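Biologist: I would like to learn how to read a sheet and its strands. Can you take me through one case?

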Amino acid sequence: MSIFKKSIAVLSAAVLVFGAVGCKHKIKSSETSNNTVTEYKIGVNKYEAEMSQEVNANETIFALNSVIDAGAQTENGEHYIYLDITIKNNTDSAYTLSTLNNFRLIMPDESEVYGHVRTQLYATNNFTDKYFGSPFDIPANGEFRGIVGGFVVKADQKDFTVDFFPTKENELDKEDVVRVKVDASKIVSPPADLIKN
């Protein structure tokens, strides 16, 4: 086979492999002039839930068991908030989730609060092994139960909504969102077995 034909064969194989990999994610594209604009649908399918209620979305069963307030941790009186969660994976594929990509808090003014590294450092130093830093693994055909987070909120902020995106192995697949409304009556102090002695 000539060098030219070998080059064409290698190029064709690369295009096929790239095309197969590129089709993995659910993406809606539209062309604007010569540029391709990619649009991701986020939170199109909303699943409202109560605290501790199991919700099945995108082959993932999720429950928010409790919201934990570690108390004021900054000079401004900001509090560190953590989530006690259960995730059941009924598929044959294990996957990894993260606080930053799969969770957010929606405040009453519609502002969004995302995971903060400061809260993870605090939890690593002060919490037992019931706390899982980010990212954390969800086993195939199994269950994850633990405390994740956290989030920095203002001292007087006791009402918000917790959003969970069950992306499974595709971190861009955020069409489904589980939403749990939280008020002060549903926020608890860290349980004794969470605090390091």
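Biologist: In which strand does Leu105 lie?

Modeller: Leu105 lies in strand β8, residues 103–106. Strands (E, at least two residues) are DSSP runs, numbered from the N terminus. This is a predicted model, where local features need pLDDT of at least 70, side-chain atom pairs count only at pLDDT 80 or more, and totals for chains, interfaces and linings use all residues. Residues are numbered from 1 along each chain as its sequence is written, and side-chain values use heavy atoms, with hydrogens and water left out.

Biologist: Is Leu105 buried or exposed?

Modeller: Buried means under 20% relative accessible area, exposed over 50%, partly exposed in between (1.4 Å probe, protein chains only). Leu105 has a relative accessible area of 0%, so it is buried. Its contacts (heavy atoms within 4.5 Å), leaving aside neighbours within four places in sequence, include Phe151, Phe160 and Val162. The C-alpha atoms of Leu105 and Phe151 are separated by 8.0 Å. Along the chain, these two residues are 46 residues apart.

Biologist: What is the order of the strands in the open sheet?

Modeller: Strands of a sheet pair through backbone hydrogen bonds, either parallel or antiparallel. Here, two strands pair if DSSP finds at least two bridges between them. The order is β3-β13-β12-β8-β9, with mixed pairing. β3 (45–49) and β9 (112–113) are the edge strands, each pairing on one side only.

Biologist: In what sense does β13 pair with β3?

Modeller: Parallel, over 5 bridges. Asn45 stands opposite Asp176 in β13. With β12 (residues 160–164), β13 (residues 176–182) pairs in the antiparallel sense, over 5 bridges. There, Val162 has Val180 as its bridge partner.

Biologist: Why is β13 largely enclosed by the rest of the structure?

Modeller: Because 6 of its 7 residues are buried.

Methods:
Helix = DSSP H or I, 4+ residues; strand = E, 2+ residues; numbered from the N terminus.
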